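Please view the sequence and the structure before reading on.

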Amino acid sequence: MAEELHDPISYELISACSDYISRRSQHRPKIGIICGSGLGGLADLAKNADVFPYSDIPGFPKSTVAGHVGRLLLGELNGTAVVIMQGRFHSYEGYPLWKCAMPVRVMRLLGVEHLLVTNAGGGLNAAFNVGDIMVLKDHINLPGFACNHPLRGPNDERFGPRFFPCNDLYNADYRYLARKVARELNLEGIVRQGVYTMVGGPNYETVAELKMLRELGVDAVGMSTIPETIVAHHCGMKVFACSLITNMCVVEYGTGIETNHEEVIEVGKKRADDMKDFISRMVATIANNECNGGLAQEAK
Ligand code: HPA
């Protein structure tokens with residue numbers, strides 16, 4: 001065994017987490033939702049919720065960031081059983097990426113087949129505005145370029161194969177449905193699509209870094225999501241993700257504009273209702289779509 005192999009969370013530990021939860025809840029969700037910074041309000045819409053503070057779930061990491069509550073809820077959103085992560089784990093908190101993504105595997109063992117992920121991101125695409133919702137078409141796994149990857153280390157085939165493609169990671173049909181949902185909710189003007197990248201944080205990026213990312217074709221930048229969506233895709237979930245653009249990245253020197261966490265949370269609060277409507281309608285649409293024997297023909 002190579003010395004540097006990380007301390008993988010075993011299948012047994014992850015099943016112990018999922019058993020702990022399923023023994024205490026009647027809900028059997030097929031849809032999972034991860035709420036990003038300031039976007040956890042979606043959980044308030046969950047009916048008949050069973051609530052599990054992360055600190056109560058044996059083996060679960062704990063969340064430490066302002067704006068992240070740190071609990072798992074199983075309940076019903078518009079009549080559909082869901083599991084919601086209210087608060088996630090970030091690399092800058094000190095967690096290795098496999099630990100940031102570990103709750104996704106717990107969701108998988110709970111029976112989740114579809115994962116919806118939200119985050120707060122900085123807009124790099126000059127056509128974006130603060131408050132836009134960017135649906136992820138693709139990502140650039142920047143930490144992965146430096147071998148910092150949630151699946152680094154021994155592979156457990158019970159979750160998925162060692163090597164796997166990522167060219168269709170963000171489900172195309174769900175992205176199509178997102179456009180439809182945006183039209184239905186009159187959010188067409190603010191729902192965009194683009195390429196996301198993850199930086200480690202906790203600092204916001206330098207001007208030179210942002211210029212480089214823009215050259216690479218990045219539309220929005222954040223500090224999360226990619227570990228979770230990769231691990232979800234690896235274990236066979238269908239993935240949808242979107243970024244709330246909480247600030248525009250500052251790509252010039254001397255503007256006096258400073259990105260800060262308070263601004264990120266503030267925009268999250270302002271757009272919280274639109275984001276809640278958007279995600280809960282996506283849940284209903286996906287549930288309806290999958291119940292009706294798979295993907296809607298119109299999505300093809
Ligand atoms: N950069 C990185 N992460 C972020 C940003 C940003 O500008 N805004 C919100 N999360």
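The model is predicted, so local features need pLDDT of at least 70 and side-chain atom pairs count only at pLDDT 80 or more, while totals for chains, interfaces and linings use all residues. Residues are numbered from 1 along each chain as its sequence is written, and side-chain values use heavy atoms, with hydrogens and water left out. Helices (H or I, at least four residues) and strands (E, at least two) are DSSP runs, numbered from the N terminus.

**Helix α2**

- Helix α2 covers residues 97–110, which is 14 residues.
- From its first C-alpha to its last, α2 reaches 21 Å, close to the 20 Å expected at 1.5 Å a residue; the expected span is 1.5 Å times one less than the number of residues.
- A kink of about 30° in α2 is centred on Pro-103; the bend at a residue is the angle between axes fitted to the seven residues ending there and the seven starting there.
- Of the 14 residues of α2, 11 are buried, where buried means under 20% relative accessible area, exposed over 50%, and partly exposed in between (1.4 Å probe, protein chains only).
- The buried residues of α2 include Trp-98, Cys-100, Pro-103 and Arg-105.

**Strand β4 and its partners**

- Strand β4 (residues 80–86) is largely enclosed by the rest of the structure, because 6 of its 7 residues are buried.
- β4 pairs in the parallel sense with strand β1 (residues 31–35) over 5 bridges; two strands pair if DSSP finds at least two bridges between them.
- Val-82 in β4 is the bridge partner of Ile-31.
- Strand β3 (residues 71–77) runs antiparallel to β4, and 7 bridges join them.
- Thr-80 in β4 is the bridge partner of Leu-77.
- The hairpin of β3 and β4 has 2 residues between the strands, and Asn-78 takes a positive phi near 50° there.

**Aromatic rings and charges over them**

- The whole structure holds 7 aromatic pairs; rings of Phe, Tyr and Trp (its six-membered ring) pair if their centres lie within 6.5 Å, with planes under 30 degrees apart counted as stacked, over 60 as edge-to-face and the rest as tilted.
- One of the pairs is Tyr-54 with Phe-60, tilted at 40° between the planes and 5.0 Å centre to centre; both residues are buried.
- Phe-240 and Phe-278 form another tilted pair, 6.3 Å centre to centre with 55° between the planes.
- Phe-240 lies in strand β9 (residues 238–248) and Phe-278 in helix α8 (residues 272–291), so this pair ties together parts that are 38 residues apart in sequence.
- Both Phe-240 and Phe-278 are buried.
- Tyr-54, Phe-60, Phe-89 and Tyr-95 form one aromatic cluster.
- Arg-105 lies over the face of Phe-159, 4.0 Å from the ring centre; a charge sits over a ring if NZ of Lys or CZ of Arg is within 6 Å of the ring centre and within 35 degrees of the ring normal.
- Over the ring of Tyr-11 sits the charged end of Arg-158, at 4.1 Å from the centre.

**Cysteines**

- A search of the whole structure finds 0 disulfides, a disulfide being a pair of cysteine sulfur atoms within 2.5 Å.
- For Cys-100, the nearest cysteine sulfur is that of Cys-17, 15 Å away; Cys-100 counts as buried at 3% relative accessibility.
- For Cys-249, the nearest cysteine sulfur is that of Cys-242, 17 Å away; Cys-249 counts as buried at 12% relative accessibility.
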